[in-house]
Amino acid sequence: MLKFTERGVYCPQADVYIDPWEPVERAIVTHGHSDHARRGMGRYLCHQHTALILRSRLGADIVIQELAYQQAVSINGVRISLHPAGHIIGSAQVRLAYKGEVWVVSGDYKCVNDGVSIPYEPVPCHHFVTESTFGLPIYRFPQPGAVFSEINGWWAQNAAEGTNTVLLGYALGKSQVILRHLDTSIGPIFLHGAVANANAVLASAGYQFPGDYLIPETGRQTVKGAAIVAPPSALNTSWLRKLMPYRIALCSGWMQLRGTRRRKGVDRGFVLSDHADWDQLNRAVIATGAGDVYVTHGYEGPFARWLRDQHGLQASEVHLRGAATVEDEL
Ligand SMILES: [Zn+2]
Ligand SMILES: [Zn+2]
């Protein structure tokens, strides 16, 4: 029912693409990250909270059909529904059913509850298209609760020494997860403009996060001992230099690799990801009950081979053009 084409994952029967990277008439968008949600589509179909993000990023005048999770639409006999992917607010797996055959396209996902997005739900299917950003056995992430304790402990220590704490995580997704778990009794929280903007969009869907937009006029004394949440693009900018003295940490799944922290020039790395690690990927694939798996978006080859050899599944690697995780992790 699905084909992997130059423009993206395509369903000919419904004439619809999923996360296409070139303009098409009808697009289903799994979530609001820029490598999945591109401009120029005739019509968009996405979760209602992703719709808010798309309008703010791609223009208020785009045509969107919004769906709640589990709600279905029928396009030329294909029943299409969206299911929680647990990646960021509004992120969805896409289920397509036609004449008894069921496909699920995961989009980006993770299987731990981040306290912000609706948790991932396995969706039974015959054919499962999975991402594999961290599809190697070296990627085994600690429990998020333990990581948040570490972050808060580090912040408290910095604050006690009169030093600011800068936490880097991409503006849409990671920042909100960090903000949700910061211990506000430690000190004030400030936000980079990109994070404040993302929060403002999400506020219209009822999401509230702590932190004040850090404006140039915000005094040094006010910021003293604060936690400041910013996207990784803030590294090596004059904006960041104004926050001296500070210690800075990057929050990312890649922080599990020794050397990444040093290469990025940060003091600390916290292993905090919006993608599934190796164990989650394996559990997710098995939980679908799919006998046929397509692996995209990461370590396609090794993970597909593993699924064939270890789980006896029919698994193929699919190299989707434009599947760079630019915004997702770093
Ligand atoms: Zn992605
Ligand atoms: Zn993403």
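How many cavities of 30 Å³ or more does a search of the whole structure find? The search finds two.

## Basis of the description

This is a predicted model, in which local features need pLDDT of at least 70 and side-chain atom pairs count only at pLDDT 80 or more, while totals for chains, interfaces and linings use all residues. Residues are numbered from 1 along each chain as its sequence is written, chains are lettered from A and ligands numbered from 1 in the order in which they are written, and side-chain values use heavy atoms, with hydrogens and water left out.

Strand 5 (residues 43–47) pairs with strand 6 in the parallel sense over four bridges, and Leu45 has Gln65 in strand 6 as its bridge partner.

Another open sheet has six strands in the order 14-13-15-12-16-17, and here the pairing is parallel. Strand 14 (212–213) and strand 17 (268–270) are the edge strands, each of which pairs on one side only. Strand 12 (residues 164–168) is joined to strand 16 (residues 246–251) by five bridges, and Tyr246 in strand 16 is the bridge partner of Asn164.

## Strand 18 and its neighbours

Six of the seven residues of strand 18 (residues 292–298) are buried, so this strand is largely enclosed by the rest of the structure; buried means under 20% relative accessible area, exposed over 50% and partly exposed in between, with a 1.4 Å probe and protein chains only. Strand 18 pairs in the parallel sense with strand 11 (residues 127–132) over six bridges, and Phe128 has Val293 in strand 18 as its bridge partner.

Strand 18 also pairs in the parallel sense with strand 19 (residues 314–317), over four bridges, and Tyr294 stands opposite Ser316 in strand 19.

Methods:
Two strands pair if DSSP finds at least two bridges between them. Helices (H or I, at least four residues) and strands (E, at least two) are DSSP runs, numbered from the N terminus. On a 1 Å grid over the protein atoms alone, a cavity is a set of points where a 1.4 Å probe fits but cannot get out, and a pocket is an open set with protein on both sides within 12 Å along at least five of seven lines; lining residues have an atom within 4 Å of a point. Grid points are joined across faces, edges and corners, and a volume is the space filled by probe spheres set on the points.
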